[in-house]
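Me: Could you walk me through this model, one feature at a time? I would like to learn how to read each one.

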Amino acid sequence: MTTLTSTVFSPPSDGARVHALIDAQRTLPHSYSAVGATRTSAPAGMDVDHNRALLGHGEAAFASARDAVRQWRMFDLGWLQPVPPDEIREGACAAIVTRTCGLWSVNVSRVVYVVDEPGRFGFAYGTLPHHAEAGEEGMTGVSPRFVINAISNAITRGNTHSLTSMELLLAIK
């Protein structure tokens, strides 16, 4: 039987262990009700975070940003390790392995929608019930800008630091 516990005292270095957590949560519902809201507008009561960053100019800058987003490199921050799906598609699940205060946690999310058009690429992912936060983040690379729309209720849960969208932008720049 696979446990849904996602916080441990040692690094989950065994990829099979992380993938077992992903598989155990794959069919669970999202942990928030406004699934898909980063496409339009956030419902009342959700924290809204909207950021844009200029990553460069032209097709090369867009291609670089698109490739970084496809590989979830915006989460490769040292204390975070992305475990992306093989393919970014609606319904695909991913995990972020996090190290904080000597504890390791695995936070699983699911891709809600994908935007893949000429000059525009991105996707949104939403948290699942055992994730440390609750909400959705939509990331859209628009040549030459990278745009993040996020909604969450993490800020209202307590005085804990949450990873901000601007930190994600700086990670891929």
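Me: What does Gly 119 do in the hairpin of strand 5 and strand 6?

Reply: Gly 119 takes a positive phi near 75° there, and the hairpin has two residues between its strands. Helices (H or I, at least four residues) and strands (E, at least two) are DSSP runs, numbered from the N terminus. This is a predicted model, where local features need pLDDT of at least 70, side-chain atom pairs count only at pLDDT 80 or more, and totals for chains, interfaces and linings use all residues. Residues are numbered from 1 along each chain as its sequence is written, and side-chain values use heavy atoms, with hydrogens and water left out.

Me: In which sense do strand 5 and strand 6 pair?

Reply: Two strands pair if DSSP finds at least two bridges between them. Strand 5 (residues 103–117) and strand 6 are antiparallel, with eight bridges. Within that pairing, Val 115 has Gly 122 of strand 6 as its bridge partner.

Me: How many residues of strand 6 are buried?

Reply: Buried means under 20% relative accessible area, exposed over 50%, and partly exposed in between (1.4 Å probe, protein chains only). Seven of the eight residues of strand 6 are buried, so the strand is largely enclosed by the rest of the structure.

Me: How do I read the aromatic pair of Trp 72 and Phe 123?

Reply: A pair of aromatic rings is described by the distance of the centres and the angle of the planes. Rings of Phe, Tyr and Trp (its six-membered ring) pair if their centres lie within 6.5 Å; planes under 30 degrees apart count as stacked, over 60 as edge-to-face and the rest as tilted. The whole structure has four such pairs. Trp 72 and Phe 123 are tilted, at 5.0 Å centre to centre and 35° between the planes. Trp 72 is in the loop between helix 2 (58–70) and strand 3 (80–83) and Phe 123 is in strand 6 (residues 120–127), so they tie together parts 51 residues apart in sequence. Both Trp 72 and Phe 123 are buried, and together with Phe 75 and Tyr 125 they form one aromatic cluster.

Me: Which residue does Arg 70 meet in a salt bridge?

Reply: Side chains of opposite charge can pair when their charged atoms come close. The rule asks for a side-chain nitrogen of Lys or Arg within 4 Å of a carboxyl oxygen of Asp or Glu. Arg 70 meets Asp 116 (3.9 Å, N to O). Arg 70 lies in helix 2 and Asp 116 in strand 5, so this pair links parts 46 residues apart in sequence. Arg 70 is partly exposed at 36% relative accessibility, while Asp 116 is exposed at 52%.
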